[in-house]
Amino acid sequence: MANIIMFIILAVFIIVSALMCVATTRIVRAATFMLFVLLGVAGIYFLLDYTFLGAAQIAVYAGGVTMVFVFAIQLVSKRALQGLEKRVKAGTMAVGALCALAGLVVVSLILLKAGFLTQEIANVEVPMKEIGTALVGSGKYQYVLPFEFISVFLLACIIGGLVVARKEEEA
Amino acid sequence: MFDFSIVTQWFDALLRETLGLGDFLSILIECVLVGTAILVGYALIACVLIFMERKVCAYFQCRLGPMRVGYWGLLQVFADVLKMLIKEIFIVDKADKILYLVAPILVIMGSVGAFSFLPWNNGATILDFNVGVFLLTAISSIGVIGIFLAGWGSNNKYSVLSAMRAAVQMISYEVSLCLCLITAVILTGTMQMSGIVEAQTGPFKWLIFQGHIPAIIAFFVFLIAGNAEANRGPFDMAEAESELTAGHHTEYSGMGFGFFYLAEFLNLFIIAGIAATVFLGGWAPVNIGIDAFDAVMNYIPGIVWFMGKTFFLVWILMWIKWTFPRLRIDQILKLEWKYLMPMCLINLVLMTVVVALGLYIK
């Protein structure tokens, strides 16, 4: 009962923020509403007692990605920043609707095929130790290879960013 | 040690059994009560900190500080708070109104969220997840976005400049802050707040004794980075009142400004509180292995230990603030990226070696 009430509050919050995110013409506002969507999703993870994923969601998406977006937005032209450009066109709307529909189909297919809707999942907090060993273990159902791959990938991204951003001294 | 969970369990039983309320209602009542307690504690501690800051600052500058309102100026802060509450809140023309209004709320959200993680006493930890420290750093990082949006939403060039500086500074220092906490977590073996304190109870078990060299390095780096994270001098680049008027909260009045002010002071308390919890043992008393002495120390309730350690660290941070001149923004960033962060990484390896070889005090 309490779970359902909390879920409804979070769901309404997420949907309203998501709509506002795409409907607003000011780009910094869009980033802010996206932050709310991400926080709402983190709330759902907490509702499911999946605290590690919730914390990662807040740390990586709400704290990290939103800040990266905000910094990237600073590079956008001034007219777009102040919402002077009208950017909602019929073509964009159609593409957006199509993407949303495709997403809906994919998600519902996964839900129905895997039978998540009928499956009873034990509502227990996964101990941190288990997550930690699974992340850097090399056995079955353990993820050291993707973990290392992603870290190397991120390192490459950082170095690439530095190379792009660095101004060479005029010789 | 007094275990506060006796009180909470008694209250839970009172609601559930004596009054016969269901699961839903009793949890709801408990949540509302705990929430109120957090907010009241937050406000009271803010008052104490503001008064302390004014007095400490005054004595460092050979002044007396507030003396007129109440005995020794004790009522000054309450008068200030009252003044702040009845001030008009106005919105700047051409400001981005949504962002302008949301920003202080985000800042206070990050601050209250982090505040709720502090372990006050044995059994009185409010948020005690198994991902405790990780979640704590995640929630406190929301404050950066609040500060940035405040600067951006105010439609004021000084505010934007300050917001950029604050964001850059806070994001940078978060790196060493988290690395220091990870260093501590390696030794304690848990991220849960109560577990971290539990690992430090006993003779010479406080982390700075138990983990000796790497723990002490992590402790000092944590205090420096925390000072920068809370935007306080000598790192108060975000406000820099001589160059940027009042920084990101230039355009705020009344409680809008009050929220930033509160969050700034409470962030100081939170940093000191986390440092006290993670490195100085939280509510764990001083134990030296002599039974009589330990027994006496154990009689002192945990909250006194926690508050004592936290306010000691707050005092040290205030001492630093009122002693050192402000750094330039490039010096601040250089300090973090070229010195503190590499040191933290090396320290992390050192701590791993110490723990792996069992060189810590058992």
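Author: The centres of domain 1 of chain B and domain 2 of chain B, taken over C-alpha atoms, are separated by 20 Å. This is a predicted model, where local features need pLDDT of at least 70, side-chain atom pairs count only at pLDDT 80 or more, and totals for chains, interfaces and linings use all residues. Residues are numbered from 1 along each chain as its sequence is written, with chains lettered from A and ligands numbered from 1 in the order in which they are written.

Reader: How do you know where the domains of chain B lie?
Author: The bounds come from an automatic or database domain assignment, which gives domain 1 as 1-86 and domain 2 as 89-357 in chain B. Their contact takes 19 residues from domain 1 of chain B and 23 residues from domain 2 of chain B. Contact here is between residues whose C-beta atoms, placed from the backbone, lie within 7 Å.

Reader: What makes up the side of domain 1 of chain B that touches domain 2 of chain B?
Author: That side has 15 nonpolar, 2 polar and 2 charged residues. Ala, Val, Leu, Ile, Met, Phe, Trp, Tyr, Cys and Pro count as nonpolar, Asp, Glu, Lys and Arg as charged, and the others, Gly among them, as polar.

Reader: Which residues does B:Phe279 contact?
Author: Leaving aside neighbours within four places in sequence, B:Phe279 is in contact with B:Ala184, B:Leu207, B:Ile208, B:Ala215, B:Phe219 and B:Phe222.

Reader: Which residues in helix 1 of chain B meet helix 2 of chain B?
Author: B:Asp12, B:Leu15 and B:Arg16 in helix 1 of chain B meet B:Ser26, B:Ile29 and B:Glu30 in helix 2 of chain B. Helices are DSSP runs (H or I, at least four residues), numbered from the N terminus. By class, this contact has 2 nonpolar, 1 polar and 3 charged residues.

Technical notes: Contact = placed C-beta atoms within 7 Å. Helix = DSSP H or I, 4+ residues; strand = E, 2+ residues; numbered from the N terminus.
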